[in-house]
Amino acid sequence: MITFGGQLILLDIEGTVSPLAFVHDMMFPYARQHAGTYLVRYWGTTLISQIARDAGVAAFASPAEAEAAVHRLMEADAKVTGLKQLQGLIWEEGFRNGELRSRIFDDVPLALAGWCQKGLDIRIYSSGSVQAQKLFFAHTKRGDLTTHFTGYYDTTTGSKRESASYRAIAADCGLQAEQILFISDVVEELNAARNAGMFTALAIRPGNKPVPKHDHPAINSFAEISIA
């Protein structure tokens, strides 16, 4: 059990509110399957230019070349803006047509509701695009959870492993960093948040990867967070 007396809880998604398996075994393959169609649809737009920069090239000669680059970026689990925007567009259609429904851990909806009742600000910081984040929480198997959140941040804010990103989030929220609790399953992200002045908690969830040695408080459920 940990006690938090601040004003804002900042949440990661993968391995924190949702099983890694859902994202990696359902959402990523869905995006890969449909990437070619979307690259043709958006050919010649700034999205394609951004993906080229993500891939380290000046431009693509064809949609097929772009698709091969997107597949390489996906295989590397690259946290880059163009790829995340493309995935967000693909997932939007999947969520809206009912082919995708987000899976979240059982303790999450009750915790979100309780934190809101206590007046806490709740926001998301994920490598997935803001668009994808909103879709994810709007189409869960537990219903639409977007009413619980007041803000979303993605890689356009900066890398999740850099302290400057967390300082930027604190500034955007109008809060001192010590008023924010960041929860993630990735130690390197927690290190960056703590170096920026935030409180941190490591999410230990079924299916998560082994973590390196660390000194962050660990929780198995959001129910283990006591609000002072």
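**Cavities, aromatic pairs and salt bridges in a predicted model**

The structure, which is a predicted model, holds two cavities of 30 Å³ or more, where a cavity is a set of points, on a 1 Å grid over the protein atoms alone, at which a 1.4 Å probe fits but cannot get out. Local features need pLDDT of at least 70 and side-chain atom pairs count only at pLDDT 80 or more, while totals for chains, interfaces and linings use all residues of the predicted model. Residues are numbered from 1 along each chain as its sequence is written, and side-chain values use heavy atoms, with hydrogens and water left out.

The largest cavity has a volume of about 120 Å³, a volume being the space filled by probe spheres set on the grid points, which are joined across faces, edges and corners. Its lining comprises 13 residues, and those that lie nearest the centre are Glu14, Met27, Trp91, Ser126 and Gly128; a lining residue has an atom within 4 Å of a point. Two or more residues of this lining are given by each of H1, H4 and H6, where helices (H or I, at least four residues) and strands (E, at least two) are DSSP runs numbered from the N terminus. By class, the lining of the largest cavity divides into seven nonpolar, four polar and two charged residues, with Ala, Val, Leu, Ile, Met, Phe, Trp, Tyr, Cys and Pro counted as nonpolar, Asp, Glu, Lys and Arg as charged, and the others, Gly among them, as polar.

The second largest cavity has a volume of about 40 Å³, and the residues that line it are Phe28, Leu73, Met74, Asp77, Ala78, Leu83, Lys84 and Gln87. Helix H3 (63-75) and H4 are the elements that give two or more residues to this lining, and the largest share, three residues, comes from H4. Five nonpolar, one polar and two charged residues make up the lining of the second largest cavity.

Aromatic contacts were examined next. A search of the whole structure finds 10 aromatic pairs, in which the ring centres of Phe, Tyr or Trp (its six-membered ring) lie within 6.5 Å, and planes under 30 degrees apart count as stacked, over 60 as edge-to-face and the rest as tilted. The rings of phenylalanine 28 and tryptophan 91 have their centres 6.1 Å apart and their planes at 15 degrees, so this pair is stacked. Because phenylalanine 28 lies in helix H1 and tryptophan 91 in helix H4, the pair ties together parts that are 63 residues apart in sequence. Both phenylalanine 28 and tryptophan 91 are buried, a term that means under 20% relative accessible area, as against over 50% for exposed and in between for partly exposed (1.4 Å probe, protein chains only). The pair of tyrosine 125 and tyrosine 166 is edge-to-face, because the ring centres are 5.3 Å apart and the planes stand at 75 degrees. With tyrosine 125 in strand E3 and tyrosine 166 in helix H7 (residues 163-173), this pair ties together parts that are 41 residues apart in sequence, and both tyrosines are buried.

One aromatic cluster is formed by Phe22, Phe136, Phe137, Phe149 and Tyr152.

With a salt bridge taken as a side-chain nitrogen of Lys or Arg within 4 Å of a carboxyl oxygen of Asp or Glu, the count comes to 11 salt bridges. In one of them, glutamate 92 is joined to arginine 96, with the closest N and O atoms 3.1 Å apart; the two residues are four apart in helix H4 (residues 81-96), and are thus separated by about one helical turn. Glutamate 92 is partly exposed, at a relative accessible area of 22%, whereas arginine 96 counts as exposed at 56%. Arginine 123 and aspartate 121 also form a salt bridge, with their closest N and O atoms 3.1 Å apart; here arginine 123 is buried at a relative accessible area of 12%, and aspartate 121 is buried at 17%. A further salt bridge, at 2.8 Å from N to O, joins the side chains of aspartate 215 and arginine 194. Because aspartate 215 lies in the loop between strand E6 (199-203) and strand E7 (218-219) and arginine 194 in helix H8 (residues 187-195), the pair ties together parts that are 21 residues apart in sequence. Finally, salt bridges that share partners join Asp12, Lys160 and Glu189 into one network.

Terms used:
1 Å grid on protein atoms, 1.4 Å probe; cavity = no way out; pocket = protein on both sides within 12 Å on 5 of 7 lines; lining within 4 Å.
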